[in-house]
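This briefing goes through one protein structure by topic, beginning with a single residue and ending with the surface. Please keep the sequence and the coordinates at hand while reading.

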Amino acid sequence: MLVQLNPPLPMTTSKGQGLAHFVIDYGPEANLLWVVFMDADGACWTVPNPEVRMATNWTLGRRPAKRDDDRIAQPRFRPTVAAGTEA
């Protein structure tokens, strides 16, 4: 089944940012396929469902995902180390 999306949905894909204009559903044994036109160069890609994410939208509460690096507590600033006075 081929469904035209109206309005197109902003997506983040493994190829970059773009707008999804269609979704293809081959049934329960296959991934959904998103037909996405890329923002960078206008190329058209058919991207499998596991490789797409909705674009962030602060108004709708879709904030950027936190990376694992951001979750690790950063070491606190220690003036003695910064000043070179620690042995």
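In which strand is the place of Thr 13? Thr 13 belongs to strand E1, which covers residues 2-13, where strands (E, at least two residues) and helices (H or I, at least four) are DSSP runs numbered from the N terminus. The model is predicted, so that local features need pLDDT of at least 70 and side-chain atom pairs count only at pLDDT 80 or more, whereas totals for chains, interfaces and linings use all residues. Residues are numbered from 1 along each chain as its sequence is written, and side-chain values use heavy atoms, with hydrogens and water left out.

**Thr 13**
- Thr 13 is buried, with a relative accessible area of 9%, where buried means under 20%, exposed over 50% and partly exposed in between (1.4 Å probe, protein chains only).
- A polar atom of the Thr 13 side chain lies 3.0 Å from the backbone nitrogen of Lys 15, and a polar atom of this side chain lies 2.8 Å from the backbone oxygen of Gly 16.
- Apart from neighbours within four places in sequence, Thr 13 is in contact (heavy atoms within 4.5 Å) with Val 36, Met 38, Val 47, Glu 51 and Val 52.

**Strands and sheet**
- The protein chain holds two helices and five strands, which follow one another along the sequence as β-β-β-β-β-α-α.
- The five strands form an open sheet in the order E4-E3-E2-E1-E5, with antiparallel pairing, where two strands pair if DSSP finds at least two bridges between them.
- The edge strands, E4 (44-48) and E5 (52-54), each pair on one side only.
- E1 and E5 pair in the antiparallel sense over three bridges, and Met 11 stands opposite Met 54 in E5.

- Ala 20, not counting residues up to four places away in sequence, touches Leu 5, Pro 8, Leu 9, Met 11, Trp 34, Val 35 and Val 36.

**Whole chain**
- Of the 87 residues of the protein chain, 16% count as buried.
- The protein chain exposes about 7,100 Å², of which carbon and sulfur atoms supply 56%, with areas taken from the Shrake-Rupley method with a 1.4 Å probe.

Notes:
A polar contact is a pair of N or O atoms within 3.5 Å; within protein, one must be able to donate a hydrogen and the other to accept it, and residues adjacent in sequence count only if both atoms are side-chain atoms.
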